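Visitor: I am new to this structure and would like to learn how to read it. Could you take me through it feature by feature?

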Amino acid sequence: MASLRQLSALGLRKAIAAGEVSALEAAREYLGAIDELDGQLHCFNQVHRDRALERAGAIDRKRAAGEPLGPLGGLPLAIKDNICTAYGKTTCSSKILADFHSPYDATAVSRLEAAGAVVLGKTNLDEFAMGSSTENSGFAPTRNPWDVSRVPGGSSGGSAAAAAARLCAAALGSDTGGSIRQPASFCGVVGLKPTYGRVSRYGLVAYGSSLDQIGPIARNVGDAALLLSVIAGHDGSDSTSLDRPVPDYLAELDKPLKNLRVGLVSEFHSQSLWPEIRQAVDRCAEAFGAAGAAVTEVSLPHSRIDAGPDGILSSYAVACYYVVAMAEASSNLARYDGVHYGHRTAKPVKDIIELYCRSRAEGFGQEVKRRIMLGTYALSAGYYEAYYLKALKVRRLIKNDFDAAFAKCDVLLGPTTPETAFPLGAKTADPLTMYLSDVYTISANLAGLPGISVPAGLSRENLPIGVQLLSGAFNEPVLLRAARLLEVALGPAPAPPLAGSN
Amino acid sequence: MAPTEAENPTSPTLTTVIGLEIHCELDTRTKMFCRCLNRFGDPPNTHTCPVCIGMPGALPVMNRQAVDMTIKAGLALNCQVPEFTKWDRKGYYYPDLPKNYQISQYDLPLAREGYLDVPLPGGRTSRIRVRRAHLEEDAGKNVHDLAAHTGVDLNRAGVPLLEIVSEPDIHSVEEVMGYSRSMRRLVRWLGISQANMQMGHMRFEPNISIWVGDGQRIFDESAGYFTPILEIKNLNSFRSLEKTVEWIIDYHRAQIIERGRDWSLEKVGKQNWGYRDDLECCEFQRGKEEAHDYRYFPDPDLAPVRVEAAWRDRIAAEIGELPIARKGRYLAQYQLSDKEADALTEDAPTGDLLDSAVKLGGPVRRVVNLMMGRMMAASNQKGSTLAQLGVSAEALAELAGMMEAGKLSASAADRVMEVLLAEGGKPLDIATRLGVLAVSDASAIEAWVDAAIAANAGPAEQVRTGDKKAKQAFGFLMGAVMKLSGGKAPPAAVKQLLEQKLSPK
Ligand SMILES: [Zn+2]
């Protein structure tokens, strides 16, 4: 038979449940592929081989005993390395946590495993999820399986590249400003950022706490819906998780959408958008129209993107995002001080202050330090009102725009990224250009709304293009159905040649 | 107008101006933001979890019991309890603070703008305004007595801490002490804190300045000026608070004489000083230039708190009679002395014990004497409250009743009380077991009386003749009867018989 790695998560689940494939075979096949390809791609920080095989064996024994396997029975998954697992390490791709062992599992991880998932390992990211290319990893960059000279996007670059290269059936990422959707777009897979509060953040190492959300990265919309059904739901350990019923996203996926209203975000459809991406968005709008949806232009004035005379883009949303995220990060990352856990300097120190300074100077990378400093500045006495408080006001305006838009539309359509995957090193010298990679994804985080990036064909350079759909809060059922509609209309997304498809 | 201390009848007048912050650990079952037990005295780091040791990815969940307690304190302090409050992060680096930020409340505290009426000696009362009362998490404790390094015990990290901030309405050492003691009584009374000083449940931070100028026009810049505000942190006993305030006031006065207007708030600003227990003096720590910037911002991990009217009303209904009102009632209704009324309103359960014993028929005077005698001695020894001794209102009422009925002498009652304190039980059973129950058989009593008179002819004669030592002799004979009876003769009956038999012929 064709490699079982070509099966979608849903397909593999079915094959395991039917006894056509054992969970152990599936785990072995994926672990073998990781052995073969990950030296080149570096998607994984760690592979938990023995544990994965043991858990897969347990699933097979369950099946033999006639017990239910759970909705993810035997599926080999990958977890972004900023999500805590009680086994192995949780490094956040930072030297400061290079040897950190979490004493507990994140709620999302325990839910996956309780549903029968087999965790293969922890994937690479931009250090503490700060970045858009995975080049900020404290260990090594991840490469894009479509072109290994290019970045996979970030910060969930390891998870997206692993999902695209068929090194896992699906993966978890985290999205603070686009960190699931942007790499999904660069790697040609589906990436879903749920509504803020839909998935517990307990055990997700905090970057920007009011923006962070865990979500699935998968090969198709159905697989993403499957994972969301498992990880979504209230958690008493996360005060920001909402106590609302979790619909069966999968069961509703192929229900036809009647009278769907699609809004084309005029601010995102701007002159600065690459023509090929613009064309992809147009193709999607046409597909919606052909399926009977009403497509209209809508405006998100405070998410507007301006191009300066030098061609450099600017946006309220990006400015607002970086103030909020960095301020929160400066506080969230204060705990890494070399006292209780994590990297502690080996050099002699004269007092506790020097211990803090040296440990942090040695443990954090350049971009993390930059964000801690900017965030600290934004919260300082005398600057708080001008930066943090003002950013909160802008955030409110951005939210209001979305409220108005969703009074008229069910979903909004636009690009996920301004361009396709760029070469390694292309933006590392200029952090501001790098920050603009998230220009279309950031608003959803500021407004707490769900968003999904769906593959929409390849560019002339044979690189994936993604389009983004957004919906109102907790409207994931409609968001996923709209994404599924596009998927059906555009045909299945291809796998990168490196994954050995067909 | 608050009383002022007129130091020098010729101008300028010096008025002490003090604001006091009181930190009080709440007596909740679990910590403020996790489910670890809130317990003092266990081995280091045995009540810790990913949340309170600040592990990556861990998140806080608010303890509603602590919020209830804070609302209760706020209402008892006559504060407004706003409908909307929130949590903020206060950032500073310290090894006993695992996250390097403390979850606290910055601009929207749970309670604000109240007051406490503080009774002062001589029946005076001072009203000290309370600016705010908010809730935060306590830090851990650095342990310095290890051989090679400093350790950190995080059992206390995350314990709910109530911070009550007064307005600068305090003008003397007497008022500082009255305010802080009244506050301790109040939090104990409300059952929200054990307020045990030895366990560090209460810490004080006075801000002390002196107004040099017209004492009737404090804060009016044309009428005088303030000396620098000196803040002293982390005082954990009434003694250190008193010593500190005295020392700082003296220091201010000396500086005023030495430096005049150079020692002013305007020129020097605010300073932090520390108290040295070993030297009983204070020392400079840092000036305004080194003041911390705490970079407060709303904690994104916690939802704002909405205290709806129903919630507030439920707590208000739990408050009941407050200590000052209770004390007034004891003075009037039970005719207690000031000292007794103070001691028995130290905490609510102790006052409740008195009230219940009286309601069960215990004669007030006898009940109070029992509580202020043996029970007080035992509570001082154990460092517990009277109510915590475990003597029930029923036992107390019964014992007092037996004394009143002449069934127990004072010394016999003491022996019964010892047993009650040690192992509990019913006073009648204990007295019977001890064989100290008064004998009611009149012939037995008469036999003891006759024997005592016969054995002590001299004193008997003195009583009979109304000698100038008659009173003393009567007492001696009483004692002799009691001794003969082994303490079982009821004193009232003995007295009556002796009087009858030795009446002048
Ligand atoms: Zn804890």
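Visitor: Which residue in E15(B) is the bridge partner of Arg89(B)?

Guide: In E15(B) that partner is Phe297(B). Before we go on, this is a predicted model: local features need pLDDT of at least 70, side-chain atom pairs count only at pLDDT 80 or more, and totals for chains, interfaces and linings use all residues. Residues are numbered from 1 along each chain as its sequence is written, while chains are lettered from A and ligands numbered from 1 in the order in which they are written.

Visitor: How do I read names with E and H, and strand pairing?

Guide: Strands (E, at least two residues) and helices (H or I, at least four) are DSSP runs, numbered from the N terminus. Two strands pair if DSSP finds at least two bridges between them. Here, strand E3 (residues 88–91) of chain B pairs with E15(B) through two bridges in the antiparallel sense. They belong to an open sheet of three strands in chain B, ordered E4-E3-E15 with antiparallel pairing. Its edge strands, each pairing on one side only, are E4 (101–104) and E15 (297–298) of chain B.

Visitor: What is the order of the open sheet of 11 strands in chain A?

Guide: It reads E1-E3-E2-E4-E6-E5-E12-E13-E11-E7-E8, and the pairing is mixed. At the edges are E1 (44–47) and E8 (294–298) of chain A, each with pairing on one side only. From one strand to the next, the twist averages 30°; axes are lines fitted to C-alpha atoms, for helices over the stretch in contact, and angles run from 0 to 180 degrees between N-to-C directions. For a parallel pair, look at E2 (residues 76–80) and E3 (residues 118–123) of chain A, with five bridges.

Visitor: Why is strand E6 of chain A largely enclosed by the rest of the structure?

Guide: A residue is buried if 20 or more other C-beta atoms lie within 10 Å of its own, exposed if 12 or fewer, and partly exposed in between, with C-beta atoms placed from the backbone. Six of the six residues of E6 (residues 213–218) of chain A are buried, so this strand is largely enclosed. E6(A) also runs antiparallel to E4 (residues 170–175) of chain A, joined by six bridges, with Gln213(A) as the bridge partner of Asp175(A). Two bridges join E6(A) to E5 (residues 190–193) of chain A, again antiparallel; there Val190(A) stands opposite Ala218(A).

Visitor: And what is a nonpolar core?

Guide: In soluble globular proteins, nonpolar side chains tend to be buried together. A nonpolar core is a set of buried Ala, Val, Leu, Ile, Met, Phe, Trp, Tyr and Cys residues joined through C-beta atoms within 7 Å. The largest one has 238 residues, and Leu77(A), Val118(A), Leu120(A) and Cys168(A) have the most contacts inside it. H9(A) gives the most to this core, with 12 residues. A second, separate core of 49 residues includes Leu353(B) and Val494(B).

Visitor: How many residues does the contact take from chain A and from chain B?

Guide: Two residues are in contact if their C-beta atoms, placed from the backbone, lie within 7 Å. Chain A contributes 35 residues and chain B 25 residues. On the chain A side, the elements giving two or more residues are helices H9 (316–332), H10 (352–363) and H11 (366–379); H9(A) gives the most, with three residues.

Visitor: Which domains does the assignment give for chain A?

Guide: Domain bounds come from an automatic or database domain assignment. For chain A, this gives domain 1 (4–258 + 451–499) and domain 2 (314–392). Their centres, taken over C-alpha atoms, are 28 Å apart, and 20 residues of domain 1 are in contact with 17 residues of domain 2. Chain B is assigned domain 1 (16–309), domain 2 (321–434) and domain 3 (442–501). Between the centres of domain 2 and domain 3 of chain B, over C-alpha atoms, lie 31 Å; their contact takes five residues from domain 2 and six residues from domain 3.
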